[in-house]
Amino acid sequence: MRLPAEPAPMSEPLPSSLAAAPAGQALTVQQVSAPAHSPEWASWLSDLGFLPGEAVRVLRRGAERTGNLVVRVGQSTFALRHAEAECIAVTPRAHG
């Protein structure tokens with residue numbers, strides 16, 4: 001008899017994309033991936049500083065679902081397209 005898998009502990013929030021994050025919330029990068037049509041995005045985003053464990057925050061966002069996002073990662077500020085921000089998995093920071 002197989003037992004059902006236990007749910008993940010609620011102490012660690014599940015990652016969501018940077019594109020879905022509210023402006024102003026302190027976040028931590030968990031993972032960077034890339035869509036099949038643009039595999040180079042993962043290395044480009046990593047080169048900009050979007051690395052696991054790095055602090056990130058959405059400063060400002062454009063039109064919902066299509067607009068650019070102004071984000072701060074570490075001490076640098078960048079504008080990302082919505083599709084690029086979708087490639088960055090984040091979780092809320094514990095303090096910050």
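Author: The side chains of Glu84 and Arg81 are joined by a polar contact of 2.5 Å. The model is a predicted one.

Reader: Why is the pair Arg81 and Glu84 called a salt bridge?

Author: The term requires a side-chain nitrogen of Lys or Arg within 4 Å of a carboxyl oxygen of Asp or Glu. In Arg81 and Glu84 the closest N and O atoms are 2.5 Å apart, so the pair meets the 4 Å cut-off. A search of the whole structure finds one salt bridge.

Reader: Is Glu84 buried or exposed, and how do you know?

Author: Glu84 has a relative accessible area of 5%. Buried means under 20%, and therefore Glu84 counts as buried.

Reader: What makes Arg81 partly exposed?

Author: The relative accessibility of Arg81 is 45%. Partly exposed covers the range between the 20% limit for buried and the 50% limit for exposed, so the value for Arg81 places it in that class.

Reader: Where does Glu84 lie, and which residues is it in contact with beyond its neighbours within four places in sequence?

Author: Glu84 lies in helix α2. With those neighbours left aside, Glu84 is in contact with Trp41, Trp44 and Leu45.

Reader: Which residues of helix α1 are buried, and how do you know on which side of α1 they lie?

Author: Helix α1 spans residues 40–48, and its buried residues include Trp41, Ala42 and Leu45. These residues cover an arc of only 105 degrees around the axis, which puts them on the same side of α1. In general, an α-helix has 3.6 residues a turn, so residues three or four places apart point the same way.

Reader: What covers the buried residues of α1, and what follows the helix?

Author: The cover includes the strands β2 (27–32), β5 (76–80) and β6 (88–92), together with helix α2 (82–85). Gly49 follows α1 and has a positive phi, near 115 degrees.

Reader: How many helices and strands does the protein have, and what pattern do they follow along the sequence?

Author: The protein has two helices and six strands, in the pattern β-β-α-β-β-β-α-β.

Methods:
Residues numbered from 1 in each chain as written. Predicted model: local features only at pLDDT ≥ 70, side-chain atom pairs only at ≥ 80, totals over all residues. Heavy atoms only, no water. Buried < 20%, exposed > 50% of the residue type's maximum accessible area, 1.4 Å probe, protein only. Helix = DSSP H or I, 4+ residues; strand = E, 2+ residues; numbered from the N terminus. Arc of directions from axis to C-beta. Contact = heavy atoms within 4.5 Å. Polar contact = N/O pair within 3.5 Å; in protein donor to acceptor, adjacent residues only side chain to side chain.
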